[in-house]
Amino acid sequence: MESHKYSVRVIEHEAAILAAISTLHEDLGVIERPEYILLRQINEYGMVGIKELADEFCLDHSTISKHVAVLESQGLIKRLSLGPDDRLSLFRTTELGHEVLIKNKEMRLDKYAAILKRWSNKDLQKLGELLSLLNRTLADD
């Protein structure tokens, strides 16, 4: 059990460092990181509402709405109003949004490829699998 506690402490420590360092790499594209992540998710869903995005990211509706408003003002997503009173809206990526997303994704991939160039393919695969497992676990918690 002591080994488990030690491992959890190491993970918490390394995750804190990763979070701090990742803020240093916010210049990985032409849009801010929160909007990039949100744009990726909207693009992946095809069409999605605020509630689904808030649930996905475990954030309140006002936080998601703020970032959606930024993307909408930049013409990267389009609002589709549903219902007679327009209170229910879905969002989808625009053509410009898709282009910006692809550009940002390529910039980020190039940056990570440069950072990880000395890693073996086996280590890269292992890290990807473990990060995926961690993300799924955190999402389920």
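A residue counts as partly exposed when its relative accessible area falls between the buried range, under 20%, and the exposed range, over 50%. With that in hand, Arg79 counts as partly exposed because its relative accessibility is 37%. The legends below walk through a predicted model, beginning with the whole chain.

**Figure 1. The protein chain has 6 helices and 2 strands.** The C-alpha trace spans about 60 × 35 × 25 Å along its principal axes. The chain has 141 residues, and 21% of them count as buried.

**Figure 2. The largest pocket has a volume of about 2,200 Å³.** Its lining is made up of 39 residues, and those nearest the centre are Leu18, Arg108, Tyr112, Leu131 and Asn135. Which elements give two or more residues to this lining? They are α1 (2-22), α2 (33-45), α3 (50-57), α5 (95-115) and α6. Helix α6 gives the most, with 9 residues. Sorted by class, the lining holds 24 nonpolar, 7 polar and 8 charged residues.

**Figure 3. A nonpolar patch lies on the surface, formed by Trp119, Leu127, Leu131, Leu134 and Leu138.** Together these residues have about 440 Å² of accessible area. Leu134 sits in helix α6, which covers residues 121-140. Is Leu134 buried, exposed or partly exposed? Leu134 is partly exposed, because its relative accessible area is 39%.

**Figure 4. Asp55 and Lys51 join their side chains in a salt bridge.** The N to O distance here is 2.9 Å. Both residues belong to helix α3, where they stand 4 residues apart, about one turn of the helix. Asp55 has a relative accessible area of 47%, so it is partly exposed. Lys51 is also partly exposed, at 47% relative accessibility.

**Figure 5. Arg79 and Glu72 form a salt bridge through their side chains.** How far is it from N to O in this pair? The distance is 3.0 Å. Arg79 is the partly exposed residue from the opening, at 37%. Glu72 is partly exposed as well, with a relative accessible area of 27%. A search of the whole structure finds 2 salt bridges.

Definitions and conventions
Residues are numbered from 1 along each chain as its sequence is written. This is a predicted model: local features need pLDDT of at least 70, side-chain atom pairs count only at pLDDT 80 or more; totals for chains, interfaces and linings use all residues. Side-chain values use heavy atoms; hydrogens and water are left out. Patches are made of residues with over 30% relative accessible area and no salt bridge: like charges are joined within 9 Å, nonpolar side chains (Val, Leu, Ile, Met, Phe, Trp, Tyr) within 5 Å. Accessible areas come from the Shrake-Rupley method with a 1.4 Å probe; for residues, only the protein chains shown count as cover. A salt bridge is a side-chain nitrogen of Lys or Arg within 4 Å of a carboxyl oxygen of Asp or Glu. Buried means under 20% relative accessible area, exposed over 50%, partly exposed in between (1.4 Å probe, protein chains only). On a 1 Å grid over the protein atoms alone, a cavity is a set of points where a 1.4 Å probe fits but cannot get out, and a pocket is an open set with protein on both sides within 12 Å along at least five of seven lines; lining residues have an atom within 4 Å of a point. Grid points are joined across faces, edges and corners, and a volume is the space filled by probe spheres set on the points. Ala, Val, Leu, Ile, Met, Phe, Trp, Tyr, Cys and Pro count as nonpolar, Asp, Glu, Lys and Arg as charged, and the others, Gly among them, as polar.
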